[in-house]
Amino acid sequence: MTNRDFAIEIDTLRTDIGALRDDIGKLVGSASHLASAGLRDGAERARASAEGLLEKGRDGAELLGKQVEQHPIASLVAALGVGVVIGRMLDHHVDRR
């Protein structure tokens, strides 16, 4: 191989490396764009799920309110029972320390 052939090969190699650098830059840009789009999509799905859960929570609270209005004595007894159970659990936990 002559010096001229070697110089041509080096120039070709430089051109190929430059093209490869450009392709890698485009690939990184595309990957970044896809990741960003994926994050936006995930955030939108999370927001929709949170809104759905919030709506279910509101519905549950509304239903509970109606039940308390319809059965105030039973609701009071149930709340008292839950309070006693939680109190005993906490008292038992404190005794074990």
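## A walk along helix α1

E44 is found in helix α1; helices here are DSSP runs of H or I with at least four residues, strands are runs of E with at least two, and both are numbered from the N terminus. Before going further, please note that this is a predicted model, in which local features need pLDDT of at least 70 and side-chain atom pairs count only at pLDDT 80 or more, while totals for chains, interfaces and linings use all residues. Residues are numbered from 1 along each chain as its sequence is written, and side-chain values use heavy atoms, with hydrogens and water left out.

Now step back to the whole chain. The protein chain has two helices and zero strands. Its radius of gyration is 34 Å, well over the 13 Å that the globule rule gives for 97 residues, so the protein chain is more spread out than a compact globule. That radius is taken over C-alpha atoms, and the globule rule is 2.2 Å times the number of residues to the power 0.38. Along its principal axes, the C-alpha trace spans about 105 × 40 × 10 Å. E44 and G65 are 21 residues apart along the chain, and their C-alpha atoms are separated by 31 Å. For G38 and S75, 37 residues apart along the chain, the C-alpha separation is 47 Å. G38 lies in helix α1 and counts as partly exposed, at 37% relative accessibility.

What share of the 97 residues in the protein chain is buried? Buried residues make up 1% of them. The protein chain exposes about 8800 Å², and carbon and sulfur atoms supply 64% of this area; accessible areas come from the Shrake-Rupley method with a 1.4 Å probe, and for residues only the protein chains shown count as cover.

One place to look for nonpolar surface is the patch formed by L20, I24 and V28, which together have about 280 Å² of accessible area. Patches are made of residues with over 30% relative accessible area and no salt bridge, with like charges joined within 9 Å and nonpolar side chains (Val, Leu, Ile, Met, Phe, Trp, Tyr) within 5 Å. V28 sits in helix α1, which covers residues 3–70, and V28 is exposed because its relative accessible area is 54%.

Turning to charge, the protein chain has 13 positive and 15 negative side chains, and the centres of the two sets lie 5 Å apart. Lys and Arg count as positive and Asp and Glu as negative, while His and the chain ends are not counted; the place of a charge is taken as NZ of Lys, CZ of Arg, CG of Asp or CD of Glu.

How many salt bridges does the structure hold? There are five, a salt bridge being a side-chain nitrogen of Lys or Arg within 4 Å of a carboxyl oxygen of Asp or Glu. One of them brings us back to E44, whose side chain meets that of R47 at 2.4 Å, N to O. R47 and E44 both lie in helix α1, three residues apart, about one turn of the helix, and R47 is partly exposed at 45% relative accessible area. Another joins D11 and R14 at 3.8 Å, N to O. These two residues also lie three residues apart in helix α1, about one turn of the helix; D11 is partly exposed at 44%, whereas R14 counts as exposed at 58%. R58 forms a salt bridge with E55, with the closest N and O atoms 3.9 Å apart. R58 and E55 both lie in helix α1, three residues apart, about one turn of the helix, and E55 is partly exposed, with a relative accessible area of 40%.

How values were computed. Buried < 20%, exposed > 50% of the residue type's maximum accessible area, 1.4 Å probe, protein only.
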